[in-house]
Amino acid sequence: MLPLSQTTGYAVRAMQCLQEPGGHPVLVQEVAECTGIPRSYLSKLVHKLAKKGLVVARRGHHGGVVLARPATEITLEDLSDAIDGVAWRNRCLMGLLGCTDAAPCVLHEFWHETLDQILARLRSVTLADLSKNHDPGVERFRTNHGLANPWDGEPDKEPSLALVGHH
């Protein structure tokens with residue numbers, strides 16, 4: 001039932017390997033090795049994220065990828081919209097083409113109430129929050145590249161990844 005794709009989960013993992021704006025660019029190949037995401041797939045993913053203004057990618061000798069905004073300002077909604085788009089928000093939960101506000105299915109009201117809760121949660125969870133869910137590969141990468149652990153400093157705030165599905 002959850003609309004978030006595995007690719008959105010990949011985007012979260014990849015972006016956790018990147019430095020804040022102004023930081024040292026990280027090569028796509030390094031991120032691929034850290035996350036286990038195939039390089040060609042990751043390149044396409046980075047291109048999508050760059051198009052939506054979430055990362056800055058530069059080619060060449062000093063090239064690589066960095067976050068376009070601080071991790072505290074990038075929400076799970078931003079990531080989901082960049083990767084999966086927003087069309088899922090207007091679909092009937094049961095997939096009925098004729099389901100509208102004027103001619104609702106039996107789950108229409110439930111879906112709109114649930115959708116409002118999902119969107120509120122997507123807007124409230126940031127990339128920095130998601131980084132508090134420890135991924136050993138990402139942690140090792142961040143340590144090896146001298147990146148601060150984004151979960152340091154707020155140990156009492158435990159975000160939930162319940163909305164990040166593996167579809």
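Analyst: Helices (H or I, at least four residues) and strands (E, at least two) are DSSP runs, numbered from the N terminus. T8 lies in helix α1. This is a predicted model: local features need pLDDT of at least 70, side-chain atom pairs count only at pLDDT 80 or more, and totals for chains, interfaces and linings use all residues. Residues are numbered from 1 along each chain as its sequence is written, and side-chain values use heavy atoms, without hydrogens and water.

User: Why is T8 called buried?

Analyst: Buried means under 20% relative accessible area, exposed over 50%, partly exposed in between (1.4 Å probe, protein chains only). T8 has a relative accessible area of 0%, so T8 is buried.

User: What does T8 touch, beyond residues up to four places away in sequence?

Analyst: Contact means heavy atoms within 4.5 Å. T8 touches L76, L79, S80, I83 and D84.

User: What makes the buried residues of α2 line one face of the helix?

Analyst: The buried residues of α2 are V28, V31, A32, C34 and T35. Seen down the axis of α2, they fall within an arc of 165°, so they line one face. The arc is that of the directions from the helix axis to the C-beta atoms. Just after α2, G36 takes a positive phi of about 80°.

User: Which residues have the most contacts inside the largest nonpolar core?

Analyst: A nonpolar core is a set of buried Ala, Val, Leu, Ile, Met, Phe, Trp, Tyr and Cys residues joined through side-chain atoms within 4.5 Å. The largest has 37 residues, and M15, L42, L49 and L79 have the most contacts inside it. α5 gives the most to this core, with 5 residues.
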